[in-house]
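I opened my notebook for another look at helix packing and charge pairs. Here is what I looked up, entry by entry.

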Amino acid sequence: MKQYEITGMSCAACAARVEKAVSQVPGVDSCAVSLLTNSMGVEGEASDADIISAVEKAGYGAGTKEKSRDKTARHKEEEDALLDKETPVLKKRLIASVVLLLPLLYLSMGHMMWNWPLPHFYDNNHVAMGLTQLVLTGLIMVINQKFFINGFKSLLHRAPNMDALVALGASASFLWSLYVLFAMTRATVDGDQQAVMSYMMDLYFESAAMILTLITVGKMLEARSKGRTTDAIKSLLRLSPQNATVIKDGVEQSIPIEEVKVGDVFAVYPGESIPVDGVVLEGISAVNESALTGESIPVDKAEGDTVSAATINESGFLKCRATRVGEDTTLSRIIQMVSDAAATKAPIAKIADRVSGVFVPTVIAISLITFIIWMLLGQEVATALTRAVAVLVISCPCALGLATPVAIMVGNGMGAKNGILFKTAVSLEEAGKASIVALDKTGTITAGQPRVTDVLPAEWVTEEELMRTALALESKSEHPLAKAILQKASEEGMQPQEISDFQALPGNGLKGRMGQTELMGGSLSFISTQVSIRDKLIKQVTDLSEEGKTPLLFASDGKLSGIIAVADVIKEDSFEAIRRLKDLGMKVVMLTGDNERTAHAIGKTAGVDEVIAGVLPDGKEKVIRDLKERGKTIMVGDGINDAPALTQADIGIAIGAGADVAIDAADVVLMKSTLSDVPAAIRLSRMTLKNIHQNLFWAFFYNVIGIPLAAGVFIPFTGWQLNPMFAAAAMSLSSFFVVSNALRLNLVNIYDKDQTVTETKSCEATTKEGAMEKTISIEGMMCQHCEKTVKTALESIDGVKSAEVSHEKNNAIVHLDKEIADDVLKKAVEDKDYKVTGIA
C-alpha cells in the first residue's frame, strides 16, 4: 500500500471527496482516506503523478510519504508526522479571537442588554458603536480566514465541506449586519432616532464573531483529542534505540543503529535497550519485553534464545548476533502493522462516508428552505436569517467522519500496548462478530513440546531407578519423545550412564546393556513381546492412552521396571482462555492430526466444544471452509501448515512466536504467544465496535435533533428556538464528544471477564429442558432498535418460543418449541433488511 499526505481537509465531506476523486483514477484498485491522520492509502498500479493530480483537481494538496534510508531519520520523520501540529496554531488563533471577542460582546450585549457603561465617545453615537463592532468582527474574521478560504474554495469545486457551512453562516451574519449598519447611518443622517434604535437591535456582528470563535474552540479540542489517539504509535517509535555496541575483531565500538548489518555481533549491557533482533551467543539475563508484548514479567534469556529490538536487558551481559535489522525487526513490523491499520477503513465507516458525501449540500439546501419558509410566514429578514444561519452552523459532518476512525485508532493502539496487533481496520471490526473459533492443537492449546506427565515404577524398583533406566536408553535415541525424558532427568540432576550394544528396533523399541544388565524400552506392543505384563499394568497403559498420553514401558533383565507417560501438555493459560471464549458465546473447536481417542481426551481436558481429529496439514483449509458455513469463523494457529487455513478463515489469528509465514497470512498477530490473548482480542473488537455504534448514534442523533431545532420546527409546539451562537457551541462540542468517547477505550481492561455475555451454544441446535436453541449470525444491526426489529420478526414465527438478540455480538439466540427450517428463520430476518451469515 502506497501512502500519501493530504492537506486542506477539514471534515468528513473532504475525505469523501478525495476518496471519490482518487478511486476514479485508472489503475487504482482501492483507496482509503484518513481524516484523523490526514493521510491516504492507495493500492494499485496508478502513478504518483496521476493520484496527486486527482487530489489537486478535487481542491486539496497531496504528496508522497518518502521514507529516509536512515532509520533514525525515518523514525524522526514518522514521529514528526504524528505530532499534534494543529493544536498550537489553533490555540494562538483562539487567544487572539477571544481578546477581540470580549470587548465586542461588552459593546453589543453588555451595553445593549444590561446597560453596562461605555466611554462618553459612544453617547448617542450608535454609528460609532456599529463601526467598532464591524472592525472587531472583521479582525476576528481575518484571524480565522482559513474557514473562508477553505470553505469558499470547496464551494468553487462544487464539493462543500464543514468550512463552507461556517463560512456561509458567518458571512451571512456579517453581510446582513453590514447592510443594517449602512441603513442605520442613513437613518442617523435623516435624524430618525426610532429607526436608528430599531436597526441597532438588528446588528449581528457578534454572532459572526462568536460562531468563528466557538468553532475554533471545538477545532482545538478536537485536534488535541485526535493527537492523543496516535499516542500508541508515537510511543512505539520512541522505543527504537539510536546506537548499537558492535564487536569487530574483538573490539567494541558504538555505531548508529542504521549501520548494523545482519550477522554483526553486538553487546548489550544491563539497563541497555537491545538495538536489533538477534540470537544470544553468550550470557544469561532477564529481558523486559513489555514494550512489545505488554507482559511486565521479564523473560530469561540464554544461549540460543532470540531477542527483539527495543526490549531492555535488565540484569546480565549478553553477546548476540543480529538476525533482523532496519524495517525487518519486530518493532518495525509492529509499527508498520499499526500504521497500516490506521490507513485502512472499516466496513462500518462506509455508512458515514455515504452520508458525509451528500451531507453539506443537503444542509445548505435546508438552510435556504428555512429562510424562504420563514419569509413566507411573514417574519422579518433578521428572524429568517437567524434561523438559516443556525441551521448552517449547528450541522456537523465532522462527528460523522470521526466516529469510526478515532475508535479504530484507539482500539488498535490499545491492542498494540497489549501485544495484540490488528493488521487492518477490517480485522478489528470483524473479529468480534465471529461465532466459531478453531484452535490448532499443537503449539496453540498445547505447548508443542512433549513433557513427562507420569512416572509409574513397578513394585520392585524405585522411581529414580526407573528414570535412570529410561535415561540410559533414551540418551542414545533420536525419537522426539526421548527429549521429554532427557529434560525430566536434567531437571532432577541426573546424568546418563554409558550403555553398550544399543539398538533401535522396528516396532518402536530400544535395547542396550548397562554393565551386565540388559535394558529394553518402547511401546506396549513391543515390550509385550519381550516380557510378561500383568493385566493391571495393561489397564494402566490403556487409561493413560485414553487421557491422550503416550505410555513408554521399560524393562531390566526381562522384568518390567515401570511406565513413563509422555504428552504434549496443555498450556497453563489454555484452560482459562477456552473458558473465556465460551463465556463470550464462542463455539470452540480443536483441530488436530491426532487419532480420535487421543484427540478427544485432550479436547475433554481442555474443555473445547468440538474436536475434529485426523486433520492432515493440507486438510485444515477444508475444515475451516466447512466451519464457515455454520457461522463466521476465527482460525488460531502458529505453524507453516496453518497458513492456508488462516487465510481461508474469516479472521486468521497467528501466535506471535510461530512461523513468519503464519504471521504474514493472519489478520491478527499475538506477540505474547498466549491463548488468553484470543478472547482479549475478540473482546477488544466488540468494545471498539460498540464504541463506533455509540459515536455514530450520537452523530446521527445530534444532527437529526439539532437541524430541526435550529430551523425553528419546534417553535409552534414548544416554543424552542436556537440562537446561532448556541448552535455554533453545540457544533463545536459534537466532534469533541465523539473523540473523547473513543478515548474511553484506553481505560478498559480487555482481560477482565465480560460479565454481560452469557455462554451460548453456537454450533448445533441443542436441547435444554425440552426446548431447542439455534444461533443466527446477523450483520447490519446497529442499535437497540435493530435488536427489537429482529426480535419481533423472529418471535412472530410459529414455533419460536423466544429470541435473545444482541447487536454487539451480531447474533440472535432463538429458543424453539419445535423444529423450524433454517430458511424460515433466515427469511424472517432478511425481510427486515439484515443479512444472515450463518445459522448454527
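**Entry 1: salt bridges**

I searched the whole structure and found 27 salt bridges, each being a side-chain nitrogen of Lys or Arg within 4 Å of a carboxyl oxygen of Asp or Glu. I keep in mind that this is a predicted model, where local features need pLDDT of at least 70, side-chain atom pairs count only at pLDDT 80 or more, and totals for chains, interfaces and linings use all residues. Residues are numbered from 1 along each chain as its sequence is written, and side-chain values use heavy atoms, with hydrogens and water left out.

A reminder to myself: side chains of opposite charge can pair when their charged atoms come close.

I looked up Lys319 and Glu282, whose side chains form a salt bridge at 3.7 Å, N to O. Lys319 sits in strand β13 (residues 318-324) and Glu282 in strand β8 (residues 277-282), so this pair ties together parts 37 residues apart in sequence. Helices (H or I, at least four residues) and strands (E, at least two) are DSSP runs, numbered from the N terminus. Lys319 is partly exposed at 24% relative accessible area, and Glu282 is partly exposed at 42%. My cut-offs here are buried under 20% relative accessible area, exposed over 50%, and partly exposed in between (1.4 Å probe, protein chains only).

Next came Arg630 and Glu610, a salt bridge with its closest N and O atoms 2.7 Å apart. Arg630 is in the loop between α24 (620-628) and β24 (633-637), while Glu610 is in strand β23 (residues 610-612), so the pair ties together parts 20 residues apart in sequence. Is Glu610 buried or exposed? Glu610 is buried, with a relative accessible area of 18%, whereas Arg630 is partly exposed at 23%.

Glu621 and Arg625 form a salt bridge, with the closest N and O atoms 3.8 Å apart. Both lie in helix α24, four residues apart, about one turn of the helix. Glu621 is partly exposed at 29%, and Arg625 is partly exposed at 39%.

I also noted a network of salt bridges that links Glu429, Glu430, Lys433, Lys632 and Glu779.

**Entry 2: helix α14 and its neighbours**

Which way does α14 run against α27? The axes of α14 (residues 381-394) and α27 (residues 677-711) come within 7 Å and cross at roughly 165 degrees. Axes are lines fitted to C-alpha atoms, for helices over the stretch in contact, and angles run from 0 to 180 degrees between N-to-C directions. The two helices are therefore roughly antiparallel, a term for angles over 145 degrees. From α14, Arg387, Ala390, Val391 and Ile394 meet Tyr702, Asn703, Gly706, Ile707, Ala710 and Ala711 of α27, contact meaning heavy atoms within 4.5 Å.

I turned to α7 (residues 162-190) next: its axis and that of α14 come within 8 Å and cross at roughly 160 degrees. That makes α7 roughly antiparallel to α14. On the α7 side I listed Leu165, Leu168, Gly169, Ala172, Ser173 and Trp176, and on the α14 side Val381, Ala382, Leu385, Val389, Leu392 and Val393. These contact residues divide into ten nonpolar, two polar and no charged. Ala, Val, Leu, Ile, Met, Phe, Trp, Tyr, Cys and Pro count as nonpolar, Asp, Glu, Lys and Arg as charged, and the others, Gly among them, as polar.

Terms used
Parallel < 35°, antiparallel > 145°, perpendicular 65-115°, else oblique.
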